[in-house]
Amino acid sequence: MGGVWFTPLTALLLLALSSAVSSCPPSELAALLAFKSALRDANGGIFNSWTGADCCHNWYGVACDRNSRRVAEISLRAGPVYTTFEKPFRPGYMSGQISPEICKLTRLSSLIITDWQGISGEIPRCISSLSFLRIIDLTGNRISGTLPADIGRLQQLTLLSAADNLIAGEIPPLLTSVTSLMHLDLHNNRISGPIPQELDRLQMLSRALLSANEISGPIPGSICRIYRLVDLDLSKNQLSGPIPESLGRMAVLSTLKLDTNKLSGRIPASLLGSGVSELNLSHNMLEGNIPDSFGGTCYFTLLDLSYNNLKGPIPKSMSSASYIGYLDVSHNHLCGPIPSSYSNTDASSFAYNECLCGKPLKAC
């Protein structure tokens with residue numbers, strides 16, 4: 001059987017056809033270039049590799065689906081990276097805005113633009129149309145405006161992080177429709193208003209980090225029905241009202257930070273006998289006695305109850321806890337002897353109380 005022969009012209013046509021099939025679509029190439037043009041890299045290095053017609057080939061921070069050649073990921077993180085010439089450099093600062101043209105990358109599943117310090121403007125409203133998005137991480141910029149109101153359309157989203165920005169407004173109620181969400185980090189922004197009442201719809205959520213905002217109102221009891229929640233940080237807000245007792249009955253909750261709010265009422269006894277290992281309730285308006293509900297299963301890497309209006313004695317059961325790494329009950333109205341098991345603890349942990357006595361303070 002004879003071989004197949006190609007003329008030089010046929011070979012060139014086949015090569016061009018093969019290149020066209022393997023390259024990213026022209027519309028996505030144009031969208032990426034528009035995205036690039038809206039940003040200014042002070043060091044002039046991060047986009048050096050963004051040349052040529054194939055954005056799927058050696059474009060720093062861009063990844064494409066192997067089969068469709070559609071752009072699937074943009075990952076631009078500030079910090080130590082390497083150029084194609086293997087020379088290290090540290091970008092550290094980029095300004096400009098995130099262009100709405102990014103929404104033309106309709107198969108985008110991961111958008112990571114973190115720690116550039118100078119990227120400002122708003123999150124493009126159209127981002128909610130990118131139905132394949134699983135990861136949005138915009139941490140460490142100067143993004144302002146509000147979170148997209150219709151963010152609930154992103155039904156495949158598992159991670160949403162916009163921490164360390166200037167985002168204001170309320171948490172969109174429709175965020176509770178993103179039932180695939182596992183990681184929510186909005187700390188250190190200017191978010192105000194209440195925590196959505198239906199947060200328990202987020203049954204896959206394991207981390208909710210909302211500290212250092214202006215969130216107000218009560219802690220909704222619905223949070224206690226998020227059975228996979230491990231870390232809950234609501235510190236440095238303007239939350240008020242009591243601490244829900246059901247927080248102490250959450251199966252896997254290990255970190256609970258409610259410090260620096262306006263919480264009142266008593267400390268739920270369930271919290272001190274729970275599986276929480278890092279508990280910070282300091283700088284609130286909590287009152288009453290410290291519950292005498294410690295036991296041998298209690299293991300605290302940190303227990304901070306300082307700067308409240310607590311009174312009465314330090315409970316005897318505290319000595320039965322299997323471990324308390326850092327303890328602070330200072331700046332309250334506690335009275336009575338300090339359990340001998342804490343005689344070697346730093347005196348500052350018990351200072352500024354009504355009439356606590358015994359080592360490490362003065363003798364009773």
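Residues are numbered from 1 along each chain as its sequence is written, and side-chain values use heavy atoms, with hydrogens and water left out. Because the model is predicted, local features need pLDDT of at least 70 and side-chain atom pairs count only at pLDDT 80 or more, while totals for chains, interfaces and linings use all residues.

Leu111 sits in strand 7, residues 110–114 (strands are DSSP runs of E, at least two residues, numbered from the N terminus). Setting aside neighbours within four places in sequence, its contacts (heavy atoms within 4.5 Å) include Ile74, Ile102, Ile127 and Leu133. Ile74 is 37 residues away in sequence, yet the two C-alpha atoms are 5.1 Å apart.

As for charged pairs, the whole structure holds nine salt bridges (a side-chain nitrogen of Lys or Arg within 4 Å of a carboxyl oxygen of Asp or Glu). One of them joins Asp54 and Arg69, at 3.6 Å from N to O. Asp54 is in the loop between strands 1 and 2, and Arg69, 15 residues apart from it, in the loop between strands 2 and 3. Asp54 is buried, at 17% relative accessibility.

Another salt bridge pairs Arg207 with Asp231 at 2.9 Å, N to O. Arg207 is partly exposed at 32%, whereas Asp231 is buried at 14%.

Note on methods
Helices (H or I, at least four residues) and strands (E, at least two) are DSSP runs, numbered from the N terminus. Buried means under 20% relative accessible area, exposed over 50%, partly exposed in between (1.4 Å probe, protein chains only).
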